[in-house]
Number of protein chains: 2
Amino acid sequence: VAESADDIEAVRAANASFYTAFEACDAEAMASIWEHSDRASCTHPGAPTIHGWPDVDAAWRLILGAAGVTQFIITEERIEVVGDVGWVVAVENMIVNGASGAGSVVNWFVRAGQQWRVVGHHGAPISRPPIG
Amino acid sequence: VAESADDIEAVRAANASFYTAFEACDAEAMASIWEHSDRASCTHPGAPTIHGWPDVDAAWRLILGAAGVTQFIITEERIEVVGDVGWVVAVENMIVNGASGAGSVVNWFVRAGQQWRVVGHHGAPISRPPIG
């Protein structure tokens, strides 16, 4: 199945909604864009992976309830779609309560009807220079 | 497209081949299981993401040339397939020259004919307790 520009744009928009929900500390908005399934998984930087929507949701509620003022500037965004799966690899530049940091992220999505739902988030700190 | 047990097993085998190549420090074996494409991406723990097969390959050659004796014990492996995309979320328990550590990983694969090729690897250190 070839990628279409429409699919890429739809995944781009779904990914943007993820960061909009995070910046708004809005757990309901976050919940609305995730796939509520056993295969949903979420890896917050430095933490063990969380599996299954109920636990993923619970962690978001803790994180978003305590996050304070968070702003993301997403750079080096690469979006790919193969059939009903899309993924975004990017750099998350974060400003949290005035402190800044950067992480590498992959978010992946599965299409359900007209919606692309987040099925996985894997974030990691960037702490060393490029390899090579 | 429903998942088939055969597809899950094929992705499981492709993922195992990744760690076999790593443990053998065999850059040719590693190259043989990756998709050689612009969308190939690789995030080694702590490092910025590398994009595109030529740079991904170059980093593997540096890493595998210097890795020493590395053993992986993969735990909490979850494998999913949607159409021609598969992903594996797992814990990498590593022993490198006698020192041990753990990381969270997602590896993703795209089917090409009968082969599942690695198109993305995103590894991260586990450095803090579970959230919640």
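Residues are numbered from 1 along each chain as its sequence is written, and chains are lettered from A in the order in which they are written. In this predicted model, local features need pLDDT of at least 70, side-chain atom pairs count only at pLDDT 80 or more, totals for chains, interfaces and linings use all residues, and side-chain values use heavy atoms, with hydrogens and water left out.

**Stop 1: the interface**

Display chain A and chain B together. Here 40 residues of chain A are in contact with 40 residues of chain B, where contact means heavy atoms within 4.5 Å. The two chains bury about 3,200 Å² between them, with 69% of it on carbon and sulfur atoms; buried area is the accessible area (1.4 Å probe) that two parts lose on being put together, summed over both. Next select His51(A), Trp87(A) and Ile131(A), which supply 18% of the area that chain A buries against chain B, more than any other three residues. Across this interface the rule finds 0 salt bridges, a salt bridge being a side-chain nitrogen of Lys or Arg within 4 Å of a carboxyl oxygen of Asp or Glu.

**Stop 2: the cavity**

Stay with Trp87(A), which also belongs to the lining of the largest cavity, together with Val85(A), Val106(A), Trp108(A), Val85(B), Trp87(B) and Trp108(B). On a 1 Å grid over the protein atoms alone, a cavity is a set of points where a 1.4 Å probe fits but cannot get out, a pocket is an open set with protein on both sides within 12 Å along at least five of seven lines, and lining residues have an atom within 4 Å of a point. The largest cavity has a volume of about 50 Å³, and the whole structure holds 1 cavity of 30 Å³ or more. Grid points are joined across faces, edges and corners, and a volume is the space filled by probe spheres set on the points. By class, this lining has 7 nonpolar, no polar and no charged residues. Nonpolar covers Ala, Val, Leu, Ile, Met, Phe, Trp, Tyr, Cys and Pro, charged covers Asp, Glu, Lys and Arg, and the others, Gly among them, are polar.

**Stop 3**

Select Phe22(B), Pro45(B), Ile63(B), Met94(B) and Val96(B), which lie nearest the centre of the largest pocket, among its 22 lining residues. About 380 Å³ of space lies in this pocket, and its lining has 15 nonpolar, 5 polar and 2 charged residues.

**Stop 4: Gly123(B)**

Gly123(B) sits in strand S6 (residues 115–125) of chain B; strands (E, at least two residues) are DSSP runs, numbered from the N terminus. Gly123(B) counts as buried because its relative accessibility is 0%, where buried means under 20% relative accessible area, exposed over 50% and partly exposed in between (1.4 Å probe, protein chains only). Beyond its neighbours within four places in sequence, its contacts include His122(A) and Ala124(A) as well as Pro45(B).

**Stop 5**

Finish at Asn97(A), in the loop between strand S4 (85–96) and strand S5 (99–112) of chain A. Asn97(A) has a positive phi of about 50° although it is not a glycine, and it counts as exposed at 56% relative accessibility. Asn97(B) likewise has a positive phi of about 50° and is exposed, with a relative accessible area of 57%.

Notes. Helix = DSSP H or I, 4+ residues; strand = E, 2+ residues; numbered from the N terminus.
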